[in-house]
Amino acid sequence: MSDSAPLLEVDRVSKVFTRGGLLSRERIHAVNDVSFRLEAGRPEIFSIIGESGSGKTTLAKMILRIETPTSGRLSVRGTDVAHIHGRRAGLAFMAQVQPIFQNPFEAFNPLKPLDHYLFMTARRFNGAADETAAARMADGALLQVGLSLAEVRGRHPHELSGGQLQRVAVARALIPRPRLIVADEPVSMVDASLRMAIVNLFKTLRDELGIAIVYITHDLATADYISDRLIIMQRGRVVEAGDARSVLADPQHPYSRSLKSAVLLPDSLTPAATPA
Amino acid sequence: MLSVQGLKAYYMTRHFGVQREVRAVDGIDFEVLRNEIYGLAGESSCGKTTLIKTIAAAWKPPLQIVAGSVGFTFAPDILRLAPAELARVRWKHLAYIVQGSMSVLNPVRRIRESFVDFAFRHLGVARAEFDRRVSAHLARVKLDPGIVNAYPHQLSGGMRQRVTIALATICRPEFVIADEPTTALDVLVQKDVLDMIREVQREIGSSVLLVTHDLGVHAHVADRMGIMYAGRLVEEAPTRELFRAPRHPYTAHLIASLPRIGDRTTRKPLEGSPPNLAAPPPGCRFHPRCPLAMDRCRAEVPPLQTIGAQHRVACFAVNA
Amino acid sequence: MFGTLRDLLKTNGEFALGAGLTAFVFLIAALSFVSPQPPLDVYVVPPDLPPGWPHVFGTTSRGQDVFWQLTFAIRNTLLFGLTVALLSRVISLVVGLLAGYKGGWVDRLLMSINDTFIVIPLLPILVLLYFVMRDRMTWGFLAMTMALLGWAYDARLIRSVAMSLRHRDFTRTSVFSGMGTREILQREHLPYVLPIVFSTTLNNMNWSIGLEVTLAVLGFTDINTPSIGGMIYWANQHTAMVAGIWWWIAFPVALVMMVFIGLYLLAVSLNEYIDPRSRLSRMGVAS
C-alpha cells in the first residue's frame, strides 16, 4: 500500500442486490454511484448521514470488505479492496481498517470473556509472542480509552454497560494501530449519559493518534458535534456533501432541509445556567 | 387520573439454585393529571419498563409487586382486580402503545381484522357502524381508510405505528400508555407520529404516559416530565422548566450533554455507569457518579421534595 | 464441575432420574468384567431355571446365566451405540459448521452430499450389506456403516445454527481480530452448537442401539458376540415365549428400555442446562 495514495478512495461505487428467482427478479440499488475521498496525511472525521434504507450501512460494509461493490472502485491506501485475496492480504488490510459496530452487546460473544478478543488481536496483528506481551498491548489500548486491563480481565459482556463495552470495542480496534476506523452508529444503543464519553473519544483518536474515522449515523446533532466533513445519503445516492459545519448550518437539498427540521430539540430549550 | 403510591416491584428469580432479587422499581410516587402528556425519561435498566408493566397491570412472575398501589379514576386499585374486570377496563379506559408495531399487529391478519379483534367488543355497536368509525378514525390519523384491507407487512414502519396508535385510541380511552412509540422509526417519520399522538390526545382529552429514553421526544410533546434513575424518581417538573433549569445533578448532566446543531463546545462525560439493580448502592443511588455527593448521600435515601411550582427533586444537595 | 452436577441432581428431577437409570445400566455393564462365566460358553449352568438364587435373572435354554449374559450384552450394546454416536457427530459437526459458515459453493456441494445420505433407506441397505458381507460383517464395520448413515440429518441442524451465527456482529469482530475460519468455528460457534450436538448424540445412541437390536433380532449381525438383540434372537430361536421362559426376553428388554429412557431424560435436562440462553440467564444477563 503506497503512502501518497489517499487513505480511502470511493470512486463511483454502487451495490445492487437482486432478489427473486428465475422468473421474477428485482434489483435493489442499495448504493448508487457514491464517490468521496479521505486523504492520507490529514486525519479527519467523515460522517455519513442517512435514514434506514439510505445505503449507509451497505457502504460501510463495502469499506470493511464485508461486501464487494457491484461497480466502481473502492481502494484503501491505493490497493483496490476487491483485489485482496487470501489470508495474508486480508490480515494486512484489517491491520489498516477496523470496525466499531452498532450494538455493543452483540459485538462480543456473550459466552466468552472480553480479553479473549483483545489478546487475539494483539497476537495476530502485532505478533505478540506470549501472554505477557499481549496483556501489555491490551492494557495500553484500554488505557487510551479510559479503562484498564484489570477492570476488564475475565469479564463477560453482560457484566459491563453499553458504554464500557463500546470503549472496549474501540480499544480492540486500536491495537493493530489502524489508519481508519469505520464506526456504524456507535452510540445509538448507548445510554445518553455515557454517549458523550465515546463521542469525545473519537475526537481524541483523530487529534492524538491521527486515525481517520468514518462515522455513520442518523443523528444530525452528533454529526455536527464531531465531523469535519460529511455526506448525506438518501436511497443510495449522495444528496449533499461538504464541510460539516456549513452544510448543517444551511442545508441546500430539500431532503437535508427536512432532516434538519425534524430534529426534535428546539433551540429555545437550553439550560439557562448550569448548576454548580 | 393516575396515582402511583410507594410502588415497589422486584424480579425474584431462581435458576438452578441461584436466587437473585432485582429491585427494578423501588419506591415510586407520582401522579398524572387529566388531559396532559406526562413524559417518563430514563436510560436502560432504570426500571421504567417494569414500572409501566406494573401500572398497566401486565406483570407476571418472576416480577412481583412488593409494596404500593396503583390507582386510576376508573379503577381505584388496579393491581387487585380480577382478570375479567381487568379485561373490561383495558382498551376501553386504558390503552397501551408498544414499541415495535409488529408485536401488536398480527402479521397474518388484515388491519381490519386487527381492529375487530381489539376494539369491537368494547365499542358495542353494530358491525356497519363499527366499520364507519374505524374509517373515520383512520382518517383522523391521516391514513387512507383503504388500508384496512392491507396486511401489516405491506405498510411502512411509520404507517404501522400510526395504525397502532389508531388501534389504541379508537375506544377513546381515558388513559394511554405509550412505550417508546417512535424508537425504531426514521427521524422524519418520528416527528409526524409524535405530532399525531399529541393531536389525538388533545382531541380525546385523554392522559398519556409517554415513556422513552429520548429527551428530544419529551421536549417535543410532553407537558410534564419525570426522570427515573435506578428504580427511583429523581426529578419531576414541567418540560420547559426541566430543560431551562434542571436541579438534580443527573438531569442537569443529561440535558447539558445533549448535542445541538451549531453548538460545538466539548461536553464533559459522566463517570461510571448505571448501577446493577440486583445490588444497588446504599443511600442515594446516584452518589457514586455525582459531582455533588456528600456523606449523607451514601447513608440516606433523599426524599422527593417540592422546590417550586410542580417541580420536585430528590437530592440532598439541592434541598439543603 | 461436580458442584454443578450436584446442583442439577438436587434441583432437576429429570436429570436425577435419567442419571440414576443410566448409572444403573452402566453399573451392570461394568459388572461384566467380574463375570464368572465367559460370554460365549454355553451349557455352563442348568438351563431353563426361573429367577431365583444363585441365578437372579434365571438361566437360558442354552445353559447360560441370564444376568451375566446381560452384563456382556449391555456392555457391547452401549459401546456400539457410543461409537456410532461419536463417529457420526464428528462428521455432522465438520460438515454442518463448514457449510453454514462458508456458504456459496462449499455449502451447495456439502448439502447435496448430505441430502443424498438423508434419503438412503437404512434397513434395506443394512440388510443388503449383511447379505453381501455375511461372516465378514464385524461390529466395527457395522458401527462405521451406521455412523456414515446417521450424520446427515443432524448436519443440517448444525448448519442452520451456523448460518445464523455467521451474520452476528461478534463473528465479524472475531474476523477483525485476526481469527481464521477453523478457529472461529471451533471457539466461537461450537458452544452455540453444543446443545444440538449433545441432544442429538443421545438420540443417535438410542437410534443406533434400536437399529442394532432390530438387526440382531433378525439375525443379521454377528450373533456370537453377545448383545441385547442377540439375546432376543437366541430366545426366539428357542421359542422362549412359547416355552414359558419369559425371563430370557423380559430382562434384556427391560434393561434396554432403561437405557432409552435414561438417555432421553439426560438429554432433555442437560440440553436445557447447556443451552447458551439458559447459561446466559444463569450468569445474570437480563433477557
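Begin with the contacts of chain B, where two residues count as in contact if their C-beta atoms, placed from the backbone, lie within 7 Å. Among those with a separation of 6 or more, 65% join residues 24 or more positions apart. This is a predicted model, in which local features need pLDDT of at least 70 and side-chain atom pairs count only at pLDDT 80 or more, while totals for chains, interfaces and linings use all residues. Residues are numbered from 1 along each chain as its sequence is written, and chains are lettered from A and ligands numbered from 1 in the order in which they are written.

Keep the whole of chain B selected. Its C-alpha trace spans about 65 × 55 × 40 Å along its principal axes. Chain B contains 11 helices and 11 strands (DSSP runs, H or I of at least four residues and E of at least two, numbered from the N terminus). Of its 320 residues, 45% are buried, that is, 20 or more other C-beta atoms lie within 10 Å of their own, C-beta atoms being placed from the backbone.

Next, select helix α3 of chain B, residues 111-123. Its 13 residues should span 18 Å at 1.5 Å a residue, and the end C-alpha atoms, 17 Å apart, agree with this (the expected span is 1.5 Å times one less than the number of residues). At B:Asp117 the helix α3(B) bends by about 40 degrees, the angle between axes fitted to the seven residues ending there and the seven starting there. B:Ile111, B:Phe115 and B:Ala119 are buried in α3(B). An α-helix has 3.6 residues a turn, so residues three or four places apart point the same way. The cover over the buried residues of α3(B) includes α4 (127-140) and α5 (157-169) of chain B. Just after α3(B), B:Gly124 has a positive phi of about 60 degrees.

Now display chains A and B together: 33 residues of chain A are in contact with 37 of chain B. On the chain A side, α7(A) gives the largest share, 6 residues.

Finally, select A:Ile63, one of the residues that touch the most other members of the largest nonpolar core, which has 150 residues (a core is a set of buried Ala, Val, Leu, Ile, Met, Phe, Trp, Tyr and Cys residues joined through C-beta atoms within 7 Å). Helix α3 of chain C, residues 66-102, gives the most to this core, 17 residues. Another core, of 92 residues, lies apart from it and includes B:Ala119 and B:Cys171.

Terms used: A residue is buried if 20 or more other C-beta atoms lie within 10 Å of its own, exposed if 12 or fewer, and partly exposed in between; C-beta atoms are placed from the backbone.
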